[in-house]
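Trainee: I have a model open and some labels to check. Can you take me through them?
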Amino acid sequence: MTRKIPKIEWGRFFNELNRDRSGWQTSIQVLNNDSGAQMLSVGLPFCGLTYESAGGHDVIELAMGGDKEVHQTHNIIDPRVVCLLFKGTGPGGTLDIEDASGTKILINFVQPMPALAKRGSEDIMTVR
């Protein structure tokens, strides 16, 4: 099942995703025509996504990691499509963000950290 997120909802959607998936282990892959598929990170906890639109340019910032030594950010310039994919992509689904050049960032939510695993599935964000 795929849910395309309308641009007007990106801010609210990312806030909900940040709340519901904070601390989840992720694997993040970048796909583009020039360099193919590359892993950006594996196993880092999800910190959050922010969306800003200023000066005619949109930017989504992705943050992962648990502390200063193991922390990573990635900016997605001029994003065009945001989709949440479920079914066979892991317990938390996969967020697919595509920019204007066609480059895709795939954020696979692998599993919650142990403290989050105790929460009931009804607390995890549902597809609407």
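Mentor: Start with helices. They are DSSP runs of H or I with at least four residues, while strands are E runs of at least two, numbered from the N terminus. The expected span of a helix is 1.5 Å times one less than its number of residues. This is a predicted model: local features need pLDDT of at least 70, side-chain atom pairs pLDDT 80 or more, and totals for chains, interfaces and linings use all residues. Residues count from 1 along each chain as its sequence is written, and side-chain values use heavy atoms, without hydrogens and water.

Trainee: What span is expected of H1, and what does H1 reach?

Mentor: H1 has 12 residues and reaches 16 Å from first C-alpha to last, close to the expected 16 Å.

Trainee: Why is the pair of Trp 10 and Tyr 51 called edge-to-face?

Mentor: Rings of Phe, Tyr and Trp (its six-membered ring) pair with centres within 6.5 Å; planes under 30 degrees apart are stacked, over 60 edge-to-face, the rest tilted. Here the centres are 5.2 Å apart and the planes at 85 degrees, so the pair is edge-to-face. Trp 10 is in helix H1 and Tyr 51 in strand S3, 41 residues apart.

Trainee: What makes Trp 10 buried?

Mentor: Buried means under 20% relative accessible area, exposed over 50%, partly exposed in between (1.4 Å probe, protein chains only). Trp 10 has 1%, so Trp 10 is buried. Tyr 51 has 25%, so Tyr 51 is partly exposed.

Trainee: Why is the pair of Phe 13 and Phe 14 called tilted?

Mentor: Their ring centres are 5.9 Å apart and their planes at 55 degrees, so the pair is tilted. Both Phe 13 and Phe 14 are buried.
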